[in-house]
Amino acid sequence: MSGPRDRPTARGDEMEKTILGSAPRYTKDQVAEAAGVPVQRAEQLWQAMGFAHVDDDAVVFTDADVAALRSLVELVSAEVIPPELESAVARSLAQTMSRLAEWQVGIFKSLLGDQFAVDVETTAQVASVILPVMEQMQDYVWRRHLAATASRELAERDPGADERLQVIGFADLVGYTRLIRDFTELELARLIDGFESLAGGVVAENHGRVIKTVGDEVLFVADTAADAAEIALTLNEEIAKNDLLPPLRIGLAQGQVLARFGDVYGSTVNIASRLTSVARPASALVDRELAASLRGHPDYRLIPLGPTKVQGFRGLHAWALRRAG
């Protein structure tokens with residue numbers, strides 16, 4: 001469903017109509033009635049999607065809102081989505097789409113400059129040309145990722161299990177707080193773009209998957225110990241070749257991981273995060289389980305560091321990961 005506005009404005013009407021595909025024509029009571037659901041349920045879903053509250057008499061919804069609400073209800077009725085996960089599915093989808101929307105608006109702003117905020121008509125015209133292309137690309141990328149994820153699930157011994165044995169990795173830029181203070185916004189944006197591009201490429205080339213990036217940190221997963229080790233060492237090596245990027249701290253942990261709505265949870269994730277926080281610049285630390293899996297591998301060397309003092313974990317042992325030879 002499209003996102004209702006906080007406060008309708010005449011300047012935004014043309015842009016909103018261009019993006020949504022039609023002019024608003026329903027209040028929230030009317031859109032809920034047309035979709036055949038109680039308004040309380042519709043409001044709960046809108047809230048889960050991160051949309052702002054609207055007044056009862058505000059006409060801000062379109063036919064697309066009705067169709068989307070009906071579709072979600074049909075998926076729940078057909079037990080494709082369990083009723084208890086209805087809001088969680090909506091929330092997960094909204095978080096992904098919200099970030100994508102912010103990035104796309106940034107493209108409009110960089111393309112149009114001052115015209116974006118002043119010349120709404122020109123902005124709407126540009127949007128009408130670019131949006132279909134973006135929509136096509138989104139559909140293509142989504143289907144490709146869906147196919148890849150489905151293939152991985154089919155290859156699993158127990159594809160129905162939410163918990164699986166994986167390696168979790170965190171890579172954190174050193175000195176990010178100082179960079180925020182010393183860099184201009186443009187310099188910082190270029191640095192983050194460079195970091196995300198480099199990290200994404202290294203992770204993908206070594207059979208891993210980026211789960212998310214948060215400012216100065218990337219969270220990734222790998223299915224095997226060797227893939228994870230190669231990602232960590234290659235990241236540090238490639239960063240060292242780049243004069244614009246500071247070094248990384250990397251932490252890796254292997255264990256059971258709960259995968260849910262595109263994110264990962266569990267003590268393995270926490271251990272990897274804690275190891276990252278105590279790692280030295282340009283180094284990679286691994287936990288006991290991953291060290292055991294890598295021991296004897298001809299390509300890697302493990303240096304025991306002994307017990308590591310980490311908040312929330314007692315007796316956590318760490319090993320520094322190096323290339324053999």
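View A. Setting aside neighbours within four places in sequence, Val126 touches Phe108, Leu111 and Leu112, where contact means heavy atoms within 4.5 Å. This is a predicted model, so local features need pLDDT of at least 70 and side-chain atom pairs count only at pLDDT 80 or more, while totals for chains, interfaces and linings use all residues. Residues are numbered from 1 along each chain as its sequence is written, and side-chain values use heavy atoms, with hydrogens and water left out. Val126 sits in helix α7 (residues 120-155); helices (H or I, at least four residues) and strands (E, at least two) are DSSP runs, numbered from the N terminus. With a relative accessible area of 19%, Val126 counts as buried, a label for anything under 20% relative accessible area, with exposed over 50% and partly exposed in between (1.4 Å probe, protein chains only). Val126 and Phe108 are 18 residues apart along the chain, and their C-alpha atoms are separated by 8.2 Å.

**View B. Strand β6, covered on both faces.** In β6 (residues 283-286), Ser283 and Leu285 are buried on one side, Ala284 and Val286 on the other. Strand β4 (residues 248-260) runs parallel to β6, joined to it by four bridges; pairing takes at least two DSSP bridges. Opposite Ser283 stands Arg249.

**View C. Leu321 in the largest nonpolar core.** That core has 36 residues, and Leu321 is among those with the most contacts inside it, along with Leu235, Leu248, Ile250 and Leu252. A nonpolar core is a set of buried Ala, Val, Leu, Ile, Met, Phe, Trp, Tyr and Cys residues joined through side-chain atoms within 4.5 Å. Not counting residues up to four places away in sequence, Leu321 touches several residues, including Ala284 and Val286.
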